[in-house]
Structures are given as structure tokens and as C-alpha cells.
Amino acid sequence: MTAPARTPRGSAELIRAEEPVLAHNYHPLPVVVARAEGAWVEDVEGRRYLDMLAGYSALNFGHRHPALIEAAHRQLDRLTLTSRAFHNDRLAGFAEKLAALTGTDMVLPMNTGAEAVESGIKVARKWAYDVKGVPADRATIVVAADNFHGRTTTIVGFSTDETARQGFGPFAPGFRIVPYNDLAAMEAAVDETTAAVLIEPIQGEAGVLIPDDGYLAGVRELTRRRGCLFVADEIQSGLGRTGHTLAVEHESVVPDVVLLGKALGGGIVPVSAVVGRRDVLGVLHPGEHGSTFGGNPLAAAVGTAVVELLETGAFQRRAAELGTVLREGLAALTGKGVVGFRARGLWAGVDVDPALGTGREVSERLMREGVLVKDTHGSTIRLAPPLTVTAEELTGALGTLEKVLTS
Ligand SMILES: *Cc1c(COP(=O)(O)O)cnc(C)c1O
């Protein structure tokens, strides 16, 4: 007996079907994506959209990059998971390549970004007790206002976004919040209990806020002089997005610990990592920290292929070159509905005239014109296309933005 043929459900019906069964922790744009390739996605009805968000940088190499898909397929046919109870034949190569790419010694593989942040916090605290000599349970970590580091209870505990915090306490102590881009405030917050300063080199969720020149170098100098670690959250800013492998390279800064995620998984599987020097990551001993999926062979195979794409520097150069196209295009729109923007590499926060609508409304209009973006707070939209986008596609998207803002 054959099952009765089911008519495939359309976008509107699929969106309605989510409502009763899916937790309402997101408010997606009303587009239902069914397939994608490169910088383009296609919805259930076959309409095509240029993806100018790229999974918040998780899709830096575009959708289904052939080298990444091939690496995943090959690994799926051999071995997918061992747990760290055993070694697997892909992990050493991944760790060696990632350490070399980021110019450091050691790698702690995890899965999601929030886990990398949590792991970075644990490493910094352990270092404070074992190496710096902070009395037990007294370690502090200095963070910046308007940060975004993920969604665990510890992490939202030091967020300044009330929507992210409200209703989720009590929170873990030991964090001091200072204004971003303010070295004097950071200096005042650091004391003999400070394990680390944890910041984003560019604050993505806050609207792609780029600190003044000299801030990152200042954080490096301050943390070195005051004897605490500099932990850089490069989960969104890293791996080519800003025109360098790491955003801290704009100021030739080398943090003690770097947190990576998003693009490290090639848009295929969640892969994150804490990378740093041996005298820091070396504080962890067997049993003190772990993850069932961290460093699994499928993740390691995809992560290795991601690092191989970045090793040549071609994507970083592309992001820098196309970043010029993006900046010039946005400068030309200033006064035509754009009231301000911040851009570095292929990453921009664009403030639209609030009289023309909220960021959400502008995003919905862009969606109807075939361009997918994401709003952040108020009337700001964020642009972060795959690094594989072409100059023509980019100027096309800017043309669509102009149309949406001026019609
Ligand atoms: C996305 C993000 C995280 C959290 O990553 P998840 O994979 O969503 O847990 C942490 N820090 C920054 C800067 C991010 O952009």
C-alpha cells in the first residue's frame, strides 16, 4: 500500500505550523529557506535571495562551499564520532593547522560559541588561581557594556541587554562591566583579583561598533602591565570577516586567548575553539573540563578544511578588497536614508533614518526585494555577506537598499 501523496507545504503554511510547536525565542523574517548555494538562498516557492547575513558569519565561505562539502562527505563515510575517551585520526591535524593559522600553541576544541566563551572563562579563572596566585574563588573578569558573548546563564549574567537577562537570574558573580572603548575605565576596574579582560575586538550585535584606533593595543598593553589575560572573542569577527584572519590584527595585537566559532564549522556543523599559549591553556588537566562532541572527527575534518581555505590568505584579501566596495557604496547612500554606518572588511552596521522605519521594517522590505539582512537594535541593520560574494552582487544589494530607502 502506498501512502497518500502529500502536497508539499508552502511558506505561509510552514510558518503557521511552527507557531504552536516551536519555542518563541526567535522572531525570524517571514522567509522559509529550502536550499542554498554560495551567496544565494532559495525559498520553498523557488524565490531567490542574496544572503547578506551569512548566518552571522557562520557562512563566511558561502553556503555549501564545494571543498567543505567534500570534506564533510568524505568524513561521513569513514567516522563521525568517538568522544574524547579515545583518540581520532582527524583531531591532531586540525589542532596543528588551527594553532598555526592563529599563530599560537594550543587548541581546546568545543562546539558552540557560548561553549568557547564558557571554556575561556574557566581557563582564565584556573590560570588566575594556579599561575597568578589569586585566592580561591576571588577571581574577577572585566567585560564591556553592550557585549554579546552568547546565551548561557553565566554569559547573560554579564550582559547589559535587559531582554537577554530578565527572568534568568540568579547569575554567577565575578564579572565587572566597564564601558567599551574606554581604557581609563578598564584600568580602574582591573585589580589583583583580575584573571582576564574579555572583549569583542568589534562589537557585532551592538551594531558593528568599531573601537577607536589604539584601543585594542591599549587593552594589550594594560593587561600585560597589570598581569592579567587578554581574551578576545573573535567568534563573529574572526576567520576572514574583517580582511584579516583575526580582527585584532588591525592593530597587530596578539591576545593571550582567542575564542573562535561560527565560520570554523564551515556552515555545516557547530565547531568552536579556545586557542592560546601553552602556559595558559596548559592549566587544564584530564577531567577538569570537557565536551562529548568537542573535537569530534566530523567537526575536525570540516574545521581542517576551513583552515585550509584561510591558509592562502585569499579570503582575507577578498574581504578587504570588497570591503572598499561596501564602504564606498554605503558612503554614497549617506544622506539618502542612511544616517551613519560603521564598516570593516565585509561587515557593516548601517543606521537608517528612523523616519523611514525600524531596522526590522527595512529588513522586511529588503526581503521582499530579494536581499536578506538582519536588524539589530533600533534602526540599525547589519550586513555580513559571505566572503565569496562578488562585487556585482554587493553593488546590486546596495542598489536594492537605496531603492528601499528612497522609494
Ligand atoms: C555568536 C556569538 C557567540 C555565541 O555563539 P553561539 O554559537 O551562538 O553560542 C559568542 N560571541 C560572539 C561575539 C558571537 O557573535
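Colleague: By class, how many nonpolar, polar and charged residues are in the lining of the second largest pocket?

Modeller: This is a predicted model, in which local features need pLDDT of at least 70 and side-chain atom pairs count only at pLDDT 80 or more, while totals for chains, interfaces and linings use all residues. Residues are numbered from 1 along each chain as its sequence is written, and side-chain values use heavy atoms, leaving out hydrogens and water. With Ala, Val, Leu, Ile, Met, Phe, Trp, Tyr, Cys and Pro as nonpolar, Asp, Glu, Lys and Arg as charged, and the others, Gly among them, as polar, the lining of the second largest pocket has 14 nonpolar, nine polar and three charged residues.

Colleague: Which element gives the most to the lining of the second largest pocket?

Modeller: A pocket is an open set of points on a 1 Å grid over the protein atoms alone, with protein on both sides within 12 Å along at least five of seven lines, whereas a cavity is a set where a 1.4 Å probe fits but cannot get out, and lining residues have an atom within 4 Å of a point. The second largest pocket has 26 lining residues, and Arg84, Leu91, Val107, Leu108 and Pro109 lie nearest its centre. Two or more lining residues come from each of α4 (91-102) and β4 (106-110), where helices (H or I, at least four residues) and strands (E, at least two) are DSSP runs numbered from the N terminus. With six residues, the element that gives the most is α4.

Colleague: Which residue has a side-chain N or O atom 2.6 Å from an oxygen atom of the ligand?

Modeller: Among the residues surrounding the ligand are Thr112, Ala114, His149, Glu200, Asp233, Gln236 and Lys262, each with a heavy atom within 4 Å of it. A polar backbone atom of Ala114 lies 2.8 Å from a ligand oxygen, and an N or O atom in the side chain of Gln236 lies 2.7 Å from a ligand oxygen. At 2.6 Å, the residue asked for is Lys262.

Methods: A polar contact is a pair of N or O atoms within 3.5 Å; within protein, one must be able to donate a hydrogen and the other to accept it, and residues adjacent in sequence count only if both atoms are side-chain atoms.
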